[in-house]
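Trainee: Could you take me closely through how the helices and strands pack here? Please start with the helix pairs.

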Amino acid sequence: MLKTIIAREFLNNILNLRFMIGLVLCIIVTVACIMILAHDYQQEMTDYNIRVNLQDKILDNYAKANFFRLWRMIRLQKPPERFRPLIIGIPGNENLGFFDDNPLPILFPPLDFLFIVTIIMSLLAILFSHDAIAGERQSGTLRLVISNSISRTKILFGKFIGGTTSLIIPFILSLLVGALYISINPSIQWDGSAWAELALLTAASITFITLFYLLGLMVSTFSRYSTTSILNCLFLWILLVLVIPNVCPYISAQLYRIPSIKETERKNREIEIHSIEVARELMKESVKKFKSSYGKLFSEFESMEFGGIGTRFVLERDAGPEHEKAAQQRAEADPEFKAMMDAFREEGKKAQKELIRVREESDMLDKDLETKAAAQTKLAKNLACISPFANFVYVARGLTGTGLRSLDYFEQTKDEYENQLRPYLSKKIDDAREKNPALEEESLLDVSDRPRFAFKEEALKEKLNEILPYWGILVLFNVVFFVAAFAGFIIYDVR
Amino acid sequence: MIEINELTKRYEDGVLALDHVNYTVEQGEIFCLLGANGAGKTTTINILLDFIPPTSGHAFINGHDCNKFPLKAKKYVSYVSENVQLYGMFTARQNLAFFAELAGKTGLKKKNYDDVMRTVGLPEKALRMRLKHFSKGMRQKLGIAIALLKDPPAILMDEPTSGLDPTSAQEFLAQLRRLKEQGKAILMTTHDIFRAKLIADRVGIMKQGRLVAVRKKQDFKHADLEEIYMHEMQAAETVS
């Protein structure tokens with residue numbers, strides 16, 4: 001009997017005009033979206049390869065024997081996400097300039113797979129289910145169905161399965177067409193794990209779509225008329241999809257206040273100025289003290305611009321290399337001069353230490369801001385979990401590596417690579433100096449055997465660990481809406 | 001087959017729709033409930049089909065309490081409403097198949113559908129027509145066809161002739177006689193005293209939730225049923 005209800009619900013939906021609209025809309029939008037995004041992906045991939053090759057070429061031909069210059073030359077870049085043909089990821093810092101070229105993605109939500117599922121499919125789900133009970137009551141067919149020996153549980157369950165099946169068919173069909181396009185496109189190389197992620201993404205999307213179908217069904221069991229039902233459904237849709245996820249960051253900002261970035265920057269600047277003044281005062285006092293203690297000898301040292309020691313604080317500029325050299329030679333010839341120079345170096349170190357101590361305060365401020373901002377973001381993220389939309393976005397972005405976590409993961413892999421690169425560069429420069437003591441910083445260095453950066457997607461297992469709680473919440477929403485629909489239907493007045 | 005025992009229904013707004021009503025409908029009998037709007041006729045049917053629970057008393061179909069064991073009771077009954085509404089996008093055959101399957105009748109052949117269409121006076125070609133193209137008379141006939149396919153011992157009819165043209169109404173009454181001959185117990189609510197006189201074995205007259213009189217066919221066969229109805233209504237008015 002359940003099969004009969006399922007078949008009827010399914011047939012009734014697919015004979016309906018809204019099914020045809022849904023099918024056509026889904027196929028056109030999904031396929032068009034995948035084709036456009038695949039083209040963008042292809043372009044971004046080409047740009048990325050050009051940038052990487054250019055950097056490699058520069059490093060191979062123009063690497064200098066200066067660690068810091070070399071370090072600055074190596075800029076690691078995040079490749080376009082492999083799910084870019086489906087979902088537009090969050091731009092990394094290096095891509096922020098993109099806004100200058102095309103501001104529309106900032107003004108309007110981009111049309112991608114997430115948009116199709118969260119907006120188009122969720123609205124279609126509501127359109128399919130809002131009159132499942134109220135509409136049948138109004139038309140009078142519900143009385144005739146219930147006059148038979150069939151339980152209301154079976155009717156509700158049959159409506160749910162039949163209705164969601166008829167809704168998911170256009171979605172799966174359009175996704176299959178999209179997957180076919182991806183598989184035959186030579187510029188998109190997906191491995192087994194990418195296809196597994198797509199399968200999981202489809203399953204998560206179905207969980208999200210059934211959730212909105214059940215929302216419509218639930219509202220329908222508490223409504224007498226389908227017009228009331230659709231209005232209530234739309235109100236809830238706006239609340240769950242548009243209001244809650246957008247309001248949560250504001251609530252979080254109110255609950256967990258953090259200093260503004262500008263304010264922190266201002267404080268940091270003050271600390272910087274103060275620290276330099278403190279170091280300067282310390283060195284000026286030392287100069288006075290040394291003048292009275294060493295007299296002429298120190299005047300001679302002063303004429304050599306203190307051998308470059310602490311000149312930034314005393315003279316407010318760097319000493320020339322000839323002064324450093326002259327002071328060094330003088331110290332080698334005269335032990336007394338050397339003792340004075342060493343004592344002055346100690347004073348310089350003290351000033352430097354004071355400078356570092358004060359600057360640590362500034363670092364603490366930055367760190368504090370970072371920690372608080374992370375806590376605020378976490379709070380907003382957790383608050384938004386009351387919206388199925390937010391949970392689905394976390395699942396979809398987490399699974400496809402297009403969310404905030406992917407940026408963190410990129411930073412992590414970048415750090416790992418830099419930890420390999422740092423000792424390599426130091427050793428390379430040291431070895432070159434050992435071979436050629438006259439090696440200058442402007443000399444070319446062969447770094448062709450350097451470790452290469454290859455970004456690998458995060459393992460599926462790790463991604464699943466991250467997304468399963470949010471997926472669980474989506475399932476819980478399904479259960480809650482079904483139970484509420486059941487409770488409503490059991491006491492529903494079919495007259 | 002159908003037994004109404006001290007059945008009372010008071011709605012949430014305080015309206016007493018049924019007040020200790022008692023009667024039975026036997027197999028091979030047509031029992032017509034007459035009464036003005038709000039007399040409690042449809043409420044009785046709603047309780048028999050478990051659409052609403054009674055406040056007190058019981059309703060039985062084939063010995064099964066309609067409130068305690070509704071699924072068992074509904075196995076033995078079919079329902080034809082005042083305005084049979086079916087799935088407009090489905091053909092008549094799809095509608096018949098759906099409701100037959102709900103009634104547990106699976107594996108019906110084309111012949112079964114053709115026979116039932118012929119029995120209710122619908123052309124065979126109507127089987128392939130979508131319900132949205134059916135007239136009210138055709139829908140009522142299809143409602144009977146659904147009831148016939150289920151083939152239960154009891155049939156509940158709520159104002160089934162309302163809105164039917166005279167020819168369709170005559171055909172409908174002929175159909176009821178055939179069902180009666182098959183031994184079905186038929187409980188029919190109606191305003192139509194003229195047709196009740198033609199078809200009923202007994203009539204029950206209801207007023208403000210009370211069954212004020214039950215008359216057998218021999219009581220009204222040669223009398224004016226409308227006069228009896230008015231007389232009973234006035235008597236009930238005097239008593240209350």
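**Helix and sheet packing**

Mentor: In chain A, α10(A) passes α19(A) in a left-handed crossing (left-handed means that the near helix is turned anticlockwise from the far one by less than a right angle; clockwise makes it right-handed). Helix α10 covers residues 192–221 of chain A, and helix α19 covers residues 460–490 of chain A. Their axes are 8 Å apart, at an angle of about 20 degrees (axes are lines fitted to C-alpha atoms, for helices over the stretch in contact, with angles from 0 to 180 degrees between N-to-C directions). α10(A) and α19(A) are therefore roughly parallel (under 35 degrees is roughly parallel, over 145 roughly antiparallel, 65 to 115 roughly perpendicular, and the rest oblique). Their contact holds 18 nonpolar residues, six polar and one charged (nonpolar covers Ala, Val, Leu, Ile, Met, Phe, Trp, Tyr, Cys and Pro; charged covers Asp, Glu, Lys and Arg; the others, Gly among them, are polar).

A caution on what you are viewing: this is a predicted model, in which local features need pLDDT of at least 70 and side-chain atom pairs count only at pLDDT 80 or more, while totals for chains, interfaces and linings use all residues. Residues are numbered from 1 along each chain as its sequence is written, and chains are lettered from A and ligands numbered from 1 in the order in which they are written. Helices (H or I, at least four residues) and strands (E, at least two) are DSSP runs, numbered from the N terminus.

Stay in chain A. The domain assignment gives domain 1 (2–255 + 387–490) and domain 2 (261–375); such bounds come from an automatic or database assignment. The C-alpha centres of domain 1 and domain 2 of chain A lie 53 Å apart. Another helix pair in chain A is α12 (residues 261–294) with α16 (residues 335–383). The angle there is about 170 degrees, with the axes 9 Å apart. α12(A) and α16(A) are therefore roughly antiparallel. Their contact has 14 nonpolar, seven polar and eight charged residues.

Now cross to chain B. 17 residues of chain B are in contact with 20 residues of chain A (contact means that C-beta atoms, placed from the backbone, lie within 7 Å). Helix α3 (residues 92–102) of chain B gives the largest share of the chain B side, three residues. That side divides into 10 nonpolar residues, four polar and three charged.

α3(B) also meets helix α5 (residues 136–150) of chain B: the axes come within 9 Å and cross at roughly 40 degrees. α3(B) and α5(B) are therefore oblique. The crossing of α3(B) past α5(B) is right-handed. From α3(B) come B:A92, B:N95, B:L96, B:F99 and B:A100; from α5(B) come B:L142, B:A145, B:I146, B:L149 and B:K150. By class, that contact has eight nonpolar residues, one polar and one charged.

Next, the sheets. In chain B, six strands form an open, mixed sheet in the order β6-β7-β8-β3-β9-β10 (two strands pair if DSSP finds at least two bridges between them). β6 (77–80) and β10 (210–216) of chain B each have a single partner strand, so one side of each lacks a neighbour in the sheet. From one strand to the next, the twist averages 20 degrees.

Inside this sheet, β3 (residues 30–35) and β8 (residues 185–190) of chain B run parallel, joined by five bridges. B:I30 is opposite B:I186 of β8(B). Helix α1 (residues 41–48) of chain B packs on the sheet and touches β3, β7 (154–158), β8 and β9 (202–207) of chain B. The direction of α1(B) makes about 140 degrees with that of β7(B). Helix α6 (residues 166–181) of chain B also packs on the sheet, touching β3, β7 and β8 of chain B, at about 150 degrees to β8(B).

B:M206 has B:L211 as its bridge partner in β10(B). Their hairpin has two residues between the strands, and B:Q208 takes a positive phi near 45 degrees.

Chain B also has an open, antiparallel sheet of four strands, in the order β2-β1-β4-β5. Its edge strands, β2 (16–25) and β5 (64–65) of chain B, each pair on one side only. Five bridges join β1 (residues 2–10) to β4 (residues 56–61) of chain B. B:I4 is opposite B:A59 in β4(B).

Technical notes: Two residues are in contact if their C-beta atoms, placed from the backbone, lie within 7 Å.
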